[in-house]
Amino acid sequence: MTDYTDRYMDALRLKGDPLADATVEALFSSGQVGEYNTLMRWFTTSGQALPDGLPDAARDYLQATATPPDWIDWGVMEQARQFFIDNDVHVSTALSFAAMPACYVVPHVAKLLSATHSLAYPSRRMAETGQFTVYLMQPEAFQAGGRFLPAAQKVRLLHASIRRHLKEQGHWPEPVAICQEDMLGGLMMFSIQVLDALHRMGIHITAEGADAYYYAWRVVGVILGIEPDTIPPDLQAAREFSDRYMVRHMGPSPEGVHLTRQLIDLYEEVVPGTLLDPVVPALIRYLIGDTSADWLQVPRTRFDSLIRIAPALLGALEWVEDRGPWAEHISDRLGHLVTMLELSSLTRGRVMHYAIPQELKSDFGVPSKNARWTPPPPTLVS
């Protein structure tokens, strides 16, 4: 078991992603970023021929990263997909109202998000995350015709381009932006911290389902350029890394407050009418806790106490699902419909292309119901 000491974590802060970084540097040095972005809009599925005229650096990179790791256990990946099918609405809720605010409560991550996205369009961040997760959990995700691998290849280069921009423009006080430690921290937010949120919502999670969901994100981490040996091997190790990362970095920041306000406003627009608008901040506060919510200036509302009955309501829904296969099928289909409607409202019917930015925004801008999984206990971080 790795001991996640400050010395170990500090070493991770000095590392980027050599393959992606070299590819992006070659594209910028040759002035071919625009050409790459134009051609790659049409490259969307695995097995598709690479576009003619693609810069050599991009072609070499895409060929080198075209296949998933050879150690993948496809049986476990199918378990993860079934877990997502059974919990897609809940996972989407946890991603939106727990994982994203967790990003915002880390000041340097919030600053990076502010520096690399147009703050006038917060729905784009959520749409990119939602689309990426949906691609991952499709049956053909890693097969010919699947959309996940090309999306992951593009995201990896997108991260490399941000590292390059921030270094060249002197906007980043640390040696490496989106370093290995931060990529691992993000992986924890979208894996074990999502599982924590599901547990807090009262969702019945089996140990097998939780392990499979985390396994899928371990695979994603390698595909996105995280060094395989640094990824925590299981949920207990993930708990230790996640706790260490958050204790090292979490705190208040103006950027975190601004991003959170945008997130709340965005979903208040998605929810019909205004009566239920206070549910959004109440749910965020419930899932991330009062300390983080206060740092992010999440407003207190009349729903703060009412939201605590959510586990009981979701338990009743699970009771209905258990009445038979027909009930579970209907619930799964409704959940899928809600998830796709939410994604459609964020993307406005568009496909996110994960293009390499040529400059930063000037304005900163079906599992068995076995024993319930419980999160590994918090680690004592000195």
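Me: Which residues of α11 do Phe148, Leu149, Ala152 and Arg156 in α8 meet?
Reply: Heads-up: this is a predicted model, where local features need pLDDT of at least 70, side-chain atom pairs count only at pLDDT 80 or more, and totals for chains, interfaces and linings use all residues. Residues are numbered from 1 along each chain as its sequence is written, and side-chain values use heavy atoms, without hydrogens and water. Contact here is heavy atoms within 4.5 Å, and helices are DSSP runs (H or I, at least four residues) numbered from the N terminus. On that basis, those four in α8 meet Val220, Val222 and Ile223.

Me: How many residues of the contact of α8 with α11 are charged?
Reply: Ala, Val, Leu, Ile, Met, Phe, Trp, Tyr, Cys and Pro go down as nonpolar, Asp, Glu, Lys and Arg as charged, and the others, Gly among them, as polar. The contact of α8 with α11 then has 6 nonpolar residues and no polar ones, and the charged count is 1.

Me: What are α8 and α11 to each other, going by their axes?
Reply: Axes are lines fitted to C-alpha atoms, for helices over the stretch in contact, with angles from 0 to 180 degrees between N-to-C directions. Under 35 degrees is roughly parallel, over 145 roughly antiparallel, 65 to 115 roughly perpendicular, and the rest oblique. α8 (residues 148-169) and α11 (residues 207-223) have axes that come within 10 Å and cross at roughly 50°. The two are therefore oblique.

Me: And what is α5 to α11?
Reply: The axes of α5 and α11 come within 8 Å and cross at roughly 105°. That makes the pair roughly perpendicular.

Me: Is Lys154 buried or exposed?
Reply: Buried means under 20% relative accessible area, exposed over 50%, and partly exposed in between (1.4 Å probe, protein chains only). Lys154 is found in helix α8. Its relative accessibility is 5%, so Lys154 counts as buried.

Me: How many disulfides does the count come to?
Reply: Cys103 is buried at 8% relative accessible area, and Cys179 is buried at 0%. A disulfide needs a pair of cysteine sulfur atoms within 2.5 Å. By this rule the count is 0.
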